[in-house]
Amino acid sequence: GKGYGFFRLNEADAKACAAYLSVCENELLRGSLLITLYENLLNRTISPESYMEAMLNYLPKEDNSLLFSAALGYIGNCQRLFPADAAPLEKTLGQIVATSSVPQHRLQAFRSYRSIAESPEAIAALYDLWKKQQAPAGCSLSENDYISLSYTLALHLPKQADEIINSQQSRITNPDRKREYAFIFPSVSPHKEVRDSVFASLLVAENRRVEPWASAALANLNHPSRQKEAVAYIRPALEAMQEVQRTGDIFFPTAWVRALLSGHTSPEVRAEVDAFFASHPDYPPMLANKIRQQANHLYIIEH
């Protein structure tokens, strides 16, 4: 039948849907299976381990670009919300980068690989690629890809961060892009005092004038690898939400709170959000809903 809503799967049905996903020829049905399995993951009726196993079996076989893109997003969220050994995911994404017949899928898989890479082997491979500026075969990397890669590497290789940032900065020739890089790169500094200074600057409206730059810097400050050190940013950034709304674009409050919270999965940050609402019982509903929407994953994890 057809319907709209959350369809809770029992264990047998979940296994059957997961097994059928990689052999199903009907694209609409594959899309429905993708959504249903992901929602059951979020509602904890499917274990993250079995979900990831099914998705990694399916993903290299998917040739529909819309479904491939959706699946990549779901897989990335699973790894972010329920951290596990990244090696199997790194291996599958690397396989797609190397062998997919769809160039866009190679590029998307590479970008996903860059965002989830955490094993020493994966980080070393990305560093080698960045240093030589030699894209994987079949991938056409833009300057923005190399810039994003430099941020990733600086976060994962703190001892080499200054060398990576200085080298990438010297490669950029476009004046606007150079200014953007100069604004953002301190947010990936290995030095906490530098990152604290960046955060303090973002609380000043004048420093948020270029909103995509401000969002990118805030997201870097709250990167998953910096969760413990970034807990101190949560309350001040939430306290600033009304001013962010008053001084920014209509969409900026959502971007601000997404950048603040999406990298976090800890009970400490959930407690910070709860404490914020407890101290603001009459908080404006529209802003409160934006915060709750972006904090929702913190409550899913604890479900």
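Predicted model: local features only at pLDDT ≥ 70, side-chain atom pairs only at ≥ 80, totals over all residues.

Let's start with helix α11, which spans residues 192–202. Its buried residues are Arg195, Val198, Phe199 and Leu202. They lie on the same side of α11, because the arc they cover around the axis is only 95°. What covers these buried residues includes α10 (175–184), α12 (211–221), α13 (227–239) and α15 (252–261).

Now to the aromatic rings, where the count comes to 11 aromatic pairs. One of them is the stacked pair of Tyr38 and Tyr74, with 4.1 Å centre to centre and 15° between the planes. This pair links distant parts of the chain, since Tyr38 belongs to helix α2 (residues 27–42) and Tyr74 to helix α4 (residues 65–81), 36 residues apart. Tyr38 counts as buried because its relative accessibility is 12%, and Tyr74 is buried too, with a relative accessible area of 18%. Together with Tyr51, Tyr38 and Tyr74 form one aromatic cluster.

Another aromatic pair, Tyr181 with Phe185, is tilted: the centres are 5.8 Å apart, with 40° between the planes. Tyr181 has 1% relative accessibility, so it counts as buried, whereas Phe185, at 22%, counts as partly exposed.

The charged end of Arg171 sits over the ring of Trp130, 4.3 Å from its centre, and Arg292 lies over the face of Phe277, at 4.1 Å from the ring centre.

Note on methods
Residues numbered from 1 in each chain as written. Heavy atoms only, no water. Buried < 20%, exposed > 50% of the residue type's maximum accessible area, 1.4 Å probe, protein only. Helix = DSSP H or I, 4+ residues; strand = E, 2+ residues; numbered from the N terminus. Arc of directions from axis to C-beta. Contact = heavy atoms within 4.5 Å. Phe/Tyr/Trp six-rings, centres within 6.5 Å; stacked < 30°, edge-to-face > 60°. Lys NZ or Arg CZ within 6 Å of the ring centre and 35° of its normal.
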